[in-house]
Amino acid sequence: MNAPDRYERFVVPEGVAKVSYERDTKIINAASFTIEREDHTIGNILRMQLHRDENVLFAGYKLPHPLKYKIIIRIHTTSQSSPMQAYNQAINDLDKELDHLKNAFEAELSRHSLRQ
């Protein structure tokens, strides 16, 4: 079987950055971010969050190969923002959203367990 070991899906190799940034030399305010050891789950969530930003003209991702565990996110922004700013803002917004979801879940869980 030519599939990599299971741990390779999650463990970032030594010397490899989790996220790398590459500016596009042909299009102004465009860049690609390579995120190691992630898949469609993070790619789609991040893409949708980027689409909520009014300064983002384009946001998309691709999984280059099913056996290579990385995604490439492409971002093109207006002149009022940079791809790096849009990426950081999207990550921060998702962090806040997930924190809110966790707190709401825990509150509901404790409310439910008090009734029993």
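Q: Where does UniProt place the coiled-coil region?
A: At residues 84-111, according to an unreviewed UniProt entry. The structure here is a predicted model.

Q: How much of that span is helix, and how far apart are its ends?
A: Residues 84-111 are 100% helix and 0% strand.

Q: Okay, pockets. How much space is in the largest one?
A: About 160 Å³.

Q: Which helices supply at least two residues each to its lining?
A: α1 (40-51) and α2 (83-115).

Q: And which element gives the most?
A: α2, with 5 residues.

Q: Which residues line the largest pocket?
A: The lining includes Ile42, Ile45 and Leu46, along with Tyr87, Ile91, Leu94, Asp95 and Leu98. Lys18, Ile35 and Glu38 line the pocket too.

Q: Switching to the surface. Which residues make the nonpolar patch?
A: Tyr7, Phe10 and Val11 make a patch of about 370 Å².

Q: Where is Phe10 found?
A: In the segment before β1 (19-23).

Q: Is Phe10 buried or exposed, and why?
A: Exposed, because its relative accessible area is 64%, and the cut-off for exposed is over 50%.

Q: What about phi of Arg37?
A: Arg37 is not a glycine either, and its phi is positive, about 60 degrees. Its place is the loop between β2 and α1.

Q: Does Arg37 count as buried or exposed, and why?
A: Buried, because its relative accessibility is 15%, and buried means under 20%.

Terms used
Residues numbered from 1 in each chain as written. Predicted model: local features only at pLDDT ≥ 70, side-chain atom pairs only at ≥ 80, totals over all residues. Heavy atoms only, no water. UniProt positions renumbered as here; feature names shortened; annotations may be inferred. Helix = DSSP H or I, 4+ residues; strand = E, 2+ residues; numbered from the N terminus. Patch = residues over 30% accessible without salt bridge, like charges linked within 9 Å, V, L, I, M, F, W, Y side chains within 5 Å. Areas by Shrake-Rupley, 256 points an atom, 1.4 Å probe, with all protein chains shown as cover. Salt bridge = Lys/Arg side-chain N within 4 Å of Asp/Glu carboxyl O. Buried < 20%, exposed > 50% of the residue type's maximum accessible area, 1.4 Å probe, protein only. 1 Å grid on protein atoms, 1.4 Å probe; cavity = no way out; pocket = protein on both sides within 12 Å on 5 of 7 lines; lining within 4 Å. Points joined across faces, edges and corners; volume = space filled by probe spheres on them.
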